[in-house]
Amino acid sequence: MRKWLSLLLLCVGTLFRVQGATHPVPRLFKLSADKRFHPVWLARPDRASEQPAIEPLTVKNTDRYSETQDYGYDLLPSPEPDRPAPFFFSVRVPDGNYRVVVTLGSRTRAGHTTVRAESRRLMVENVATRKGEYKQVVFTVNKHTPRINAQERVLIKPREEKKLNWDDKLTLEFNGESPACAAIQIEPVDDVPTLYLCGNSTVVDQDDEPWASWGQMITCMMDEGVCVANYAESGEAANTFIAAGRLAKALSGMKAGDYLFVEFGHNDQKQKGPGKGAYYSFATALKTFIDEARRRGATPVFVTPTQRRVFQDGRIRETHEDYPEAMRWVAEREQVKVIELHDMTRTLFETLGKEGSKKAFVHYPAGTFPGQAQAFADNTHFNPYGAYQIARCLTEGLKMQLPELAKHIRPAYGPYRPDRPDNPDTFRWYASPFVDLQKPDGN
């Protein structure tokens with residue numbers, strides 16, 4: 001009996017440890033060098049009586065993340081107190097959802113901080129703190145690797161091998177005019193609904209400037225009561241997404257009460273040959289997403305594809321053939337809720353106009369980014385402003401179709417109308433330090 005009990009305790013312990021890790025999660029890191037600052041664990045409101053006795057671990061500038069050290073500064077030089085600049089902090093953790101609490105601010109200077117997670121997912125935007133002021137912000141992050149089970153892995157592309165979304169660590173980026181973070185708290189959570197995103201380059205977390213998608217912007221608009229897990233990838237169609245094991249990966253962690261968001265069409269329409277077509281192979285793949293989600297007690301949600309920037313006589317010209325209508329047809333037959341990004345983005349781009357809508361896409365003259373010898377003129381892929389506006393469209397779709405999720409939209413993100421978008425000239429985006437001059441797969 002004692003032998004079996006020891007084995008059970010060992011197995012439970014491995015749930016909260018990873019190979020090479022020296023500390024289990026939950027973790028509390030003190031980044032501030034100020035000896036007068038003492039971080040305190042912020043318990044979940046529903047578990048205030050279960051406050052853990054977590055001792056903060058003081059992080060030095062020399063603490064760098066590595067194969068032998070499971071936490072530390074990463075990717076860029078460690079921050080210097082007198083020289084505010086963007087920095088990254090990584091912690092090795094197992095796959096799962098994590099509640100993160102960042103204490104933003106500094107005792108010695110004013111701060112202005114934006115926080116992104118993993119592959120440039122926007123989690124916290126533009127938090128200002130006065131000198132000596134601290135603000136705690138809570139959000140939930142999904143972390144995953146390609147491993148599905150002992151025998152299967154996601155067939156990630158060569159371009160994905162260095163994506164922060166697929167590695168074995170949880171990475172946070174601190175950016176802004178004067179980024180200031182005094183403490184980071186991380187703990188696993190398994191009781192919040194997860195919103196699994198399936199799609200292509202208009203949905204995926206784009207690692208590098210100047211590319212962006214709505215999937216990596218919606219994260220800052222939702223509170224810590226839900227978690228967004230983005231499994232989308234550039235160039236994928238509904239059937240190739242399934243074939244690569246991406247759906248299987250999402251299903252491996254899916255539980256009752258979760259949601260499966262599905263947006264395809266851009267790349268599906270390029271598939272030609274026997275059995276291909278919107279009402280044939282595409283519809284069959286969509287049915288697979290529905291059936292697999294429902295088998296696990298999750299809710300499938302369709303998102304019609306975003307419009308391309310193709311104008312004709314001052315209006316957006318339809319370029320997706322009958323694929324959006326096929327999504328609606330399958331959704332009606334199977335009683336699936338539909339969020340109409342296809343219609344909302346048409347309104348958005350027509351409101352911005354033929355020239356103005358360039359500010360929502362990757363349209364930049366040569367020399368805008370280091371090493372950029374040629375102008376960007378991409379009419380499919382969004383820049384951060386465009387991705388942010390489309391994410392705002394999606395929040396309106398949640399209000400119309402999924403009120404149980406809409407209650408998790410943060411109060412700061414009030415009503416939005418695509419015919420009255422934010423002014424692109426006043427949109428604030430603090431660029432990440434990494435740039436990719438190669439366009440994403442797909443069109």
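Author: Let us begin with a loop residue: Arg120 lies between strand E6 (111-117) and strand E7 (121-129). Helices (H or I, at least four residues) and strands (E, at least two) are DSSP runs, numbered from the N terminus. This is a predicted model, in which local features need pLDDT of at least 70 and side-chain atom pairs count only at pLDDT 80 or more, while totals for chains, interfaces and linings use all residues. Residues are numbered from 1 along each chain as its sequence is written, and side-chain values use heavy atoms, with hydrogens and water left out.

Reader: What is the phi of Arg120?

Author: Most residues other than glycine have a negative phi, and most peptide bonds are trans. Arg120, however, has a positive phi near 65°. Glu321, in the loop between strand E16 (315-316) and H6, is not a glycine either and has a positive phi of about 55°. As for peptide bonds, Glu209 and Pro210 are joined by a cis one, with omega about 0°; Pro210 belongs to the loop between E11 and helix H2 (218-221).

Reader: Is Arg120 buried or exposed?

Author: Buried means under 20% relative accessible area, exposed over 50%, and partly exposed in between (1.4 Å probe, protein chains only). Arg120 counts as buried because its relative accessible area is 2%. Gly275, in the loop between strand E13 (259-262) and H5, is exposed at 53%. Arg417, in the segment after helix H9 (403-406), is partly exposed, at 41% relative accessibility.

Reader: Which residues of helix H4 are buried, and what covers them?

Author: In H4 (residues 246-253), the buried residues are Arg246, Leu247, Lys249, Ala250 and Leu251. Their cover includes strand E11 (194-198), helix H3 (238-243), E13 and H5, where contact means heavy atoms within 4.5 Å.

Reader: At what angle do the axes of H5 and H6 cross?

Author: Two packed helices are described by the angle between their axes and the distance between the axes. Axes are lines fitted to C-alpha atoms, for helices over the stretch in contact, and angles run from 0 to 180 degrees between N-to-C directions. The axes of H5 (residues 278-295) and H6 (residues 323-334) cross at roughly 45° and come within 10 Å. H5 is therefore oblique to H6; angles under 35 degrees count as roughly parallel, over 145 as roughly antiparallel, 65 to 115 as roughly perpendicular and the rest as oblique. Ala, Val, Leu, Ile, Met, Phe, Trp, Tyr, Cys and Pro count as nonpolar, Asp, Glu, Lys and Arg as charged, and the others, Gly among them, as polar.

Reader: What of the axes of H7 and H8?

Author: The axes of H7 (residues 341-356) and H8 (residues 384-401) also come within 10 Å, crossing at roughly 135°. H7 and H8 are therefore oblique to each other, and their crossing is right-handed. Among the residues in contact are Leu348 and Phe349 of H7 and Ile390 and Cys393 of H8. The contact of H7 with H8 divides into nine nonpolar, three polar and no charged residues.

Reader: How many helices and strands does the protein chain have?

Author: There are nine helices and 19 strands, and 57% of the 443 residues count as buried.

Technical notes
Left-handed = near helix turned anticlockwise from the far one by under 90°.
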